[in-house]
Amino acid sequence: MVSYDPSNVRMSALDWVAQQARRYEESGGTEATEVRGAPCLLLDYKGRKSGEWHRTVLIYGRDGEDYLVVASKGGHDTHPAWYLSLIEHSGVHVRVGNERFEAHAQTLSPEEKARVWPHLLDVYADYAEYQRNTERDIPVVRIRRV
């Protein structure tokens, strides 16, 4: 098992995501904090196969004090790797702006998702199209500080 060190995580394989994550982190959370006008956070999660820590950039919404992220993968028919890893390892590290904290990630129930989905569409309207483009139910994940 690899211990967590925020300066030593594997970046996303998608070049634009990796570049944004680097800029977000290197600026201390003052730059690269949006994707197409929507707020985003850095999610550090433990890989389900490698056990190594990985980092991705995700758009987020809020539900009270909690953060909500959508496992959309742009409407593809498979779940994103970060989501599959969260199923096995729910302990994560998050950066939102200049704040970093430990958190627990949990997939919302269908009822909870139905309640927060309109808010998430307000944050990022493309989620509606992503859901139309796939037969899978796109999961919403609650991120709660520990």
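1. A contact, as the word is used in these notes, means heavy atoms within 4.5 Å. With that cut-off, residues 24 or more positions apart account for 64% of the contacts in the protein with a separation of 6 or more.

2. On provenance, this is a predicted model, in which local features need pLDDT of at least 70 and side-chain atom pairs count only at pLDDT 80 or more, while totals for chains, interfaces and linings use all residues. Residues are numbered from 1 along each chain as its sequence is written, and side-chain values use heavy atoms, with hydrogens and water left out.

3. The protein holds 4 helices and 8 strands, where helices (H or I, at least four residues) and strands (E, at least two) are DSSP runs numbered from the N terminus. Read from the N terminus on, the order of the elements is β-α-β-β-β-β-α-β-β-α-α-β. The radius of gyration, taken over C-alpha atoms, is 14 Å, close to the 15 Å that the globule rule gives for 146 residues, so the protein is as compact as a globular protein of that length; the rule itself is 2.2 Å times the number of residues to the power 0.38. Along the principal axes, the C-alpha atoms fill a box of roughly 35 × 30 × 30 Å.

4. Of the 146 residues, 47% count as buried, which here means under 20% relative accessible area, with exposed meaning over 50% and partly exposed in between (1.4 Å probe, protein chains only). The accessible surface of the protein comes to about 7,800 Å², and 46% of that surface belongs to carbon and sulfur atoms; the areas come from the Shrake-Rupley method with a 1.4 Å probe.

5. How many aromatic pairs does the ring rule give? The count comes to 8, where rings of Phe, Tyr and Trp (its six-membered ring) pair if their centres lie within 6.5 Å, and planes under 30 degrees apart count as stacked, over 60 as edge-to-face and the rest as tilted. One of these pairs is formed by Tyr 4 and Trp 53, whose ring centres are 4.9 Å apart and whose planes stand at 70°, so the pair is edge-to-face. Because Tyr 4 lies in the segment before β1 (10-11) and Trp 53 in strand β4 (residues 53-63), the pair ties together parts that are 49 residues apart in sequence. Tyr 4 is partly exposed at 22% relative accessibility, whereas Trp 53 is buried at 9%.

6. The rings of Tyr 124 and Tyr 127 have their centres 5.1 Å apart and their planes at 65°, so this pair too is edge-to-face. Tyr 124 is buried, with a relative accessible area of 8%, and Tyr 127 is buried with 3%.

7. Cys 40 sits in strand β3 (residues 38-46) and is buried, at 2% relative accessibility. Leaving aside residues up to four places away in sequence, Cys 40 touches several residues, among them Gln 20, Tyr 24, Ala 32, Val 57 and Tyr 60. The C-alpha atoms of Cys 40 and Tyr 24, which are 16 residues apart along the chain, are separated by 9.6 Å.

8. Is Lys 113 buried or exposed? This lysine of helix α3 (residues 110-123) counts as buried, at 11% relative accessibility. Beyond residues up to four places away in sequence, Lys 113 touches Leu 108, Gln 131, Asp 137, Ile 138 and Val 140.
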